[in-house]
Amino acid sequence: MTKTNGLALVDRDDDGVDRAFRGDVLAGLSQRQKAVPARWLYDDAGSQLFEDITDLEEYYPTRAETEILKGRGEEFAALIGAGRAVVEFGSGSSVKTPLLLRAIEPGAYVPLDISGDFLRESAAALSEKFPGLAVHPVEADFMREVALPDEVAGMEKLGFFPGSTIGNMVARTAVDLLRSMRATLGADHGEAPLLLIGMDLVKDREVLEAAYDDARGVTAEFNLNLARRINRELDGTIPIDALEHQAVWNDEFARIEMHLVATRDIAFSVSGREFAMKAGETIHTENSHKFTRRSANTLLLAGGWTPRERWTDSKGRFSLILAEATEKREAP
Ligand code: AVJ
C-alpha cells in the first residue's frame, strides 16, 4: 500500500493517481449505462459542497434528523444507558454527534473513517468539546469488519450511522454493511450491540426532487464536481459545459437518482481512454434510497438487526431507528 498525504488507505501510482478512483471511473464509463460510484463525489470540494447542501432550504434531512436528536435525548439515555462505546461509522458531524454524546454519557467515542485527515480533524474538535471523554479515532474502511481499539474491548457498543447514508447503497450492499457493522460491534461474541441509524422516508416526489435539485444550484455543483474531479485527477477532457445536473425520483426502486446528462453529442478521454456520449445519455452518479417503516425494518432485519424503537421528526419526513443485533438463532 503506497502512503501519500498521510492517507494510508489511498493507493496511488507513481503519478499520484488514486488507483481505485481511476479503476472505478474507467469501468463505470465503459458500461452501457455509464455510472460512477457515489463515494467519489466526496473529495475536499465535494465534501464542502455537501456541507453547503445541508444548509439549503430544500434539503430537509439534516434539519429533520437534528430535530430528533435534540428532542429525544432522554429517551436515548433511558434505552441506551450510560457507559457504552459509541462507534460512529464516518467521521461525524459537528452538530449531530455532540447531541448524541451529550444525551447518553458514553464510555468512549470511536469514529471510523477512510479519510485520516477528516478523521483527525473531527476527533480533535470533539475532544475539545468533551474534555473528559476518551476518543479513539480509527482510520478504516467500515464496509468491512474493523478491529476496534483495545481500550474499548470491555465496553458495550452503540453503533451510530446518521444521515441516511445507508440510502446511498443498493439493498445488497446495505445488507453487507449492516452485517459488517454487527461484526465490528462484537455481535455473536456474547455482546448485544445497539445501532442508532438514520433512514430518510418516502414522501411526495416534488419535495424529494427539490431536495436534490435546489434553486441555487448547489446540488448541481456538487454533482458536476465529480466530472471536474475526473478532469483534474485523471487527465480528463470532459466538456463540463455539455453536462447538466439531473435528480429524478425512481418510484420502482424508491430512490432519488442523480445523473449528469449530456446536452449534446460529446467525445472525451479519461486517463488516455476514449469515451462518447449521445445527447440525452447520462452518467449515473448517486442513489439516495428512501424508506417506509416496513422497508426500513426489512432491510435492518436482513442485515441482522432487530428494530427496537423508531422516532420521526415533527413533519414525519425522516426516521431514526434504534436496533439491537439479532441473536444468532431467534425463533421462529
Ligand atoms: C450524504 C448520502 C446522505 O443522499 O441525501 C445530498 C448525499 N446527495 N444531496 C443524501 C446528497 C445530494 C446525501 N447523503
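Which side chain does Arg228 meet in a salt bridge? It's Glu221, and the N to O distance is 2.9 Å. Before going further, a word on what you're looking at: this is a predicted model, in which local features need pLDDT of at least 70, side-chain atom pairs count only at pLDDT 80 or more, and totals for chains, interfaces and linings use all residues. Residues are numbered from 1 along each chain as its sequence is written, and side-chain values use heavy atoms, with hydrogens and water left out.

Back to that pair. A salt bridge here is a side-chain nitrogen of Lys or Arg within 4 Å of a carboxyl oxygen of Asp or Glu, and the count by that rule is 20. As for burial, under 20% relative accessible area is buried, over 50% is exposed, and anything in between is partly exposed (1.4 Å probe, protein chains only). Arg228 has a relative accessible area of 30%, so it's partly exposed; Glu221, at 34%, is partly exposed too.

Now look at Asp11 and Arg19, whose side chains form a salt bridge at 3.0 Å, N to O. Asp11 sits at 27% relative accessibility and therefore counts as partly exposed. Arg19 comes out at 37%, so partly exposed again.

Lys96 and Glu65 tell another story. Their closest N and O atoms are 2.7 Å apart in a salt bridge. This one ties together distant parts of the chain, with Lys96 in helix H5 (residues 96-104) and Glu65 in helix H3 (residues 61-71), 31 residues apart. Helices, by the way, are DSSP runs of H or I with at least four residues, strands are runs of E with at least two, and both are numbered from the N terminus. Both Lys96 and Glu65 are buried. Elsewhere, Asp117, Arg120 and Glu139 join up in a network of salt bridges.

What about the greasy side? In soluble globular proteins, nonpolar side chains tend to be buried together. A nonpolar core means a set of buried Ala, Val, Leu, Ile, Met, Phe, Trp, Tyr and Cys residues joined through side-chain atoms within 4.5 Å. The largest one has 39 residues, and Val25, Ile230, Leu243, Phe268 and Val270 touch the most other members. Elements giving it two or more residues include helix H1 (19-29), helix H9 (218-233) and strand S7 (243-250). H9 supplies the largest share, 6 residues.

Zoom in on Leu243. Setting aside neighbours within four places in sequence, its contacts (heavy atoms within 4.5 Å) include Leu224, Ala227, Leu260 and Ile266. Apart from this core lies another, of 33 residues, Phe142, Met169, Leu299 and Trp305 among them.
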